[in-house]
Each structure stands twice: as C-alpha cells, then as structure tokens.
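Subject: Structure for you to look at

Hello,

Here is the structure I said I would pass on. My notes on what was found in it follow below.

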Amino acid sequence: MVITIGRAGDNDFVVNDPHVSRYHARLLRDEEGCLFLEDMASTSGTFVNGSQIAKKKVSLTDTIWFGEEYKLELSEVLKAGNDYSEDFAQLKEIYDKYIEQKVKIQSSNQFKTRLFQTLPFAFIGVIGVLISTLGKGSTVLFGISLFVTICVPTIGIYLGAKQSAKIPRQLQDLANQFKIDYVCPKCGTFLGEIPWESLSNRKQCPVSSCKAKWVKD
Ligand SMILES: [Zn+2]
C-alpha cells in the first residue's frame, strides 16, 4: 500500500498548504504491516519527532511535521487511503470480550438455575431425617414435613424459572452493546457475529461500497 501526500491534486492525500511541496512525501505499508514515511525530496523537509528524515518507520504516536508549518496527522492520511488497519485491530478485543461474557452469562445462569432446582430436594432430605430421628409419631412434625415436601420444590422451580428468564435479558443487553461497538471503523455497519479472525482474512469491509481495508494481519 502506498499513499502519496502533497499539494498537487492527484495525490492520495492532498494538503492545501503553501509550505508543503507538490509531491512532498509518501506513506508505505510493508507486508508485515509496518508503516514507513518517505520524503520525496521536498523543499521544506519531513520531520519525525523533531528529526529530519529521508525514510523512516513511523507509528500513529509519532509527531510528524512538513517543514515548520504543517503538522501531518497520520491517522487522517491512512483514512484517505482507506487503510483502517489500526482501528480494525482494536475490534479484536471487542469481539473476544463479547464471546467471553456471553459464555460467562450462560454458564453462570445455568449453574444458578440448577442450584435452585436441586437445593430444595436436599433440604427435604434433611427435614425427613430430622423428623424420623426426633419426632416419630408427631402429627405436627408430619404436617410440617408434608408442607415442606410440597412447597419447597415449587419455590425451587419458581426461582429456577425466574433465573433462566434472566438469561435472555442479560444476553440482549450484551448483544445491544456489541452491535454498537463491533462496527466497521469507516461506514459504521455492524459486522454481525462474524469472528474477528474471519474478518481479518477478508482484509476489507464486507460492505462492498465501503472500501475500508484492514490490510495488516
Ligand atoms: Zn465499512
């Protein structure tokens, strides 16, 4: 990938500044994804972090000047070349986090639901043992044990159902946020549940009119 930068209208990134040469510099991305800025024998020179350069490896954190008058924003230059590699790379974390949280919600709810459904039976067992040891023949204790045997599982089933109903709501909230975050950095289209790795292999936005590229692997 090469993006030409300068005052002339046929550059990829046109700079309307009299201190900038007609063909001032160019930005290249090599196969490893590294960025290089190359000065095209400009009049006022190209400076990276205060030092004049002919060709230098650069990153978005570097401060770049053309001469003393024009500050170059690398992120803007990349966007002019439809290169959204840096923004796209950040989507990996969003995707991984989404999947991780989704699994977490599902398994935590599954556990709680099971707990609510099985705990009452353990409780009934304990009550049964207590009654048989302490109060053989007592009508009151028999009444209590009958009551517990009927009510406790019902409560358990109710709580279990309530717990499992929470899953769709929590997942919905998570999915809604994901729809906002997991979007093409250029056109803002939600990228669906397409795994980041698959998108990375495609190397460009699935929306054909968008033209955003994420060339870095
Ligand atoms: Zn797009």
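Along the sequence, the protein chain follows the pattern β-β-β-β-β-β-β-β-β-α-α-α-α. In total there are four helices and nine strands, where helices (H or I, at least four residues) and strands (E, at least two) are DSSP runs numbered from the N terminus. This is a predicted model, in which local features need pLDDT of at least 70, side-chain atom pairs count only at pLDDT 80 or more, and totals for chains, interfaces and linings use all residues. Residues are numbered from 1 along each chain as its sequence is written.

Overall shape

The C-alpha atoms of the protein chain fill a box of roughly 105 × 35 × 25 Å along the principal axes. The radius of gyration of the protein chain is 32 Å, whereas a compact globule of 217 residues would have one near 17 Å; the value is taken over C-alpha atoms, and the globule rule is 2.2 Å times the number of residues to the power 0.38. Of the 217 residues, 18% count as buried. A residue is buried if 20 or more other C-beta atoms lie within 10 Å of its own, exposed if 12 or fewer, and partly exposed in between, with C-beta atoms placed from the backbone.

The sheet

Five strands form an open sheet in the order E2-E1-E3-E4-E7, with mixed pairing. Two strands pair if DSSP finds at least two bridges between them. Strand E2 (13-14) and strand E7 (55-58) are at the edges with a single partner strand each, so one side of each has no neighbour in the sheet.

Strand E1 (residues 2-6) runs antiparallel to E3 and is joined to E3 by four bridges; Val2 has Leu28 as its bridge partner in E3. Strand E3 (residues 25-29) also pairs with strand E4 (residues 35-39), in the antiparallel sense and over five bridges. Here Arg26 stands opposite Glu38, and Leu27 has Leu37 as its bridge partner. E3 and E4 form a hairpin with five residues between them, and Gly33 in the turn has a positive phi of about 95°.

The cores

A nonpolar core is a set of buried Ala, Val, Leu, Ile, Met, Phe, Trp, Tyr and Cys residues joined through C-beta atoms within 7 Å. The largest one has 16 residues, and those with the most contacts inside it are Ile3, Ile5, Phe13, Leu27, Leu37, Ile64 and Val77. E1, E3, E4, strand E8 (64-66) and helix H1 (74-80) each give two or more residues to this core. Leaving out residues up to four places away in sequence, Leu27 touches Ile3, Ile5, Leu35, Leu37 and Val77; a contact means C-beta atoms, placed from the backbone, within 7 Å. A second, separate core of nine residues includes Tyr84, Leu91, Leu199 and Ala212.

Helix H2

H2 has 50 residues and reaches 73 Å from its first C-alpha to its last, close to the 74 Å expected; the expected span is 1.5 Å times one less than the number of residues. The helix bends by about 25° at Thr118, and Pro120 follows within four residues. The bend is the angle between axes fitted to the seven residues ending there and the seven starting there.

Which residues of H2 are buried? They are Ser85, Phe88, Leu91 and Pro120, and their cover includes helix H3 (139-181) and helix H4 (196-202). Val103 also lies in helix H2 (residues 85-134), but Val103 is exposed, with 10 other C-beta atoms within 10 Å.

Regards

Conventions
Contact = placed C-beta atoms within 7 Å.
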